[in-house]
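Before reading on, please look over the sequence and the model.

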Amino acid sequence: MKMALSEARKAKMAGEVPIGAVLVHEQQIMAKTYNQTELLRDVTAHAEILAISAGSEFLGSKYLKNCTLYVTLEPCVMCAGALRWVQLSRLVYAAEDEKQGFMRYGKSILHPKTKVSFGLMTEESEELLKSFFEAKRKSSGKSGK
């Protein structure tokens, strides 16, 4: 998760929503990614989607069995759906996303065999997101109240 947070910091420096992801297969890192929706002008360029693409390329497979994805924020429904199709073995996320996270719809969005853990380095992830959006509000003149 420390590497995923490092990726999230890169996203923040690039003006992206600070979410990072690291994909691991049998203790080997296959992908380190962060949100790039602004850079690529692509609303699907979430850290998780980019990690899936890199992992599939690395393995030469459309499935990510025996893989773990570490991500700094609970995946959205789009990303969770993609994780279902790749049959990810394990998902570990830091902070919950009460507004856009997939868990508000239930774990059944993921593949039935996907194991889910959360809460690892939550405070660090939440602080990174909070500071990013506070800075955004200040620069746009919105107080957030």
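What follows is a set of questions and answers about this predicted model.

Q: What makes the size of the protein chain agree with that of a compact globule?
A: With 145 residues, a compact globule would have a radius of gyration near 15 Å, and the protein chain has 15 Å, so the two values agree. Along the principal axes, the C-alpha atoms fill a box of roughly 45 × 30 × 25 Å.

Q: How are the helices and strands arranged along the protein chain?
A: The protein chain has five helices and five strands, and from the N terminus on these elements run α-β-β-α-α-β-α-β-β-α.

Q: Which residues have the most contacts inside the largest nonpolar core?
A: The largest nonpolar core has 28 residues, and those with the most contacts inside it are Leu23, Leu64, Leu69, Leu88 and Leu91. At least two residues of this core come from each of β1 (20–25), β2 (28–34), α3 (47–59), β3 (67–73), α4 (77–85) and β4 (90–95). Apart from this core lies another, of six residues, among them Met1, Ala4, Val92 and Ala94. Leaving aside neighbours within four places in sequence, Leu69 is in contact with residues including Ala21, Leu23, Leu83, Leu88 and Val92.

Q: Why is the pair of Tyr93 and Phe118 called stacked?
A: The ring centres of Tyr93 and Phe118 are 5.3 Å apart, and a pair needs centres within 6.5 Å. Their planes stand at 15°, and because planes under 30 degrees apart count as stacked, the pair is stacked. This pair links distant parts of the chain, with Tyr93 in strand β4 and Phe118 in strand β5 (residues 115–118), 25 residues apart. Ring pairs also link Tyr93, Phe102 and Phe118 into a cluster.

Q: How do you know whether Tyr93 is buried or exposed?
A: Tyr93 has a relative accessible area of 1%, and because buried means under 20%, Tyr93 is buried. Phe118 has a relative accessible area of 46%, which falls between the limits of 20% and 50%, so Phe118 is partly exposed.

Q: Why is the pair of Phe132 and Phe133 called edge-to-face?
A: The rings of Phe132 and Phe133 have centres 5.0 Å apart and planes at 80°, and because planes over 60 degrees apart count as edge-to-face, the pair is edge-to-face. Phe132, at 6% relative accessibility, counts as buried, whereas Phe133, at 36%, counts as partly exposed.

Definitions and conventions:
Residues are numbered from 1 along each chain as its sequence is written. This is a predicted model: local features need pLDDT of at least 70, side-chain atom pairs count only at pLDDT 80 or more; totals for chains, interfaces and linings use all residues. Side-chain values use heavy atoms; hydrogens and water are left out. A nonpolar core is a set of buried Ala, Val, Leu, Ile, Met, Phe, Trp, Tyr and Cys residues joined through side-chain atoms within 4.5 Å. Buried means under 20% relative accessible area, exposed over 50%, partly exposed in between (1.4 Å probe, protein chains only). Helices (H or I, at least four residues) and strands (E, at least two) are DSSP runs, numbered from the N terminus. Contact means heavy atoms within 4.5 Å. Rings of Phe, Tyr and Trp (its six-membered ring) pair if their centres lie within 6.5 Å; planes under 30 degrees apart count as stacked, over 60 as edge-to-face and the rest as tilted. The radius of gyration is taken over C-alpha atoms; the globule rule is 2.2 Å times the number of residues to the power 0.38.
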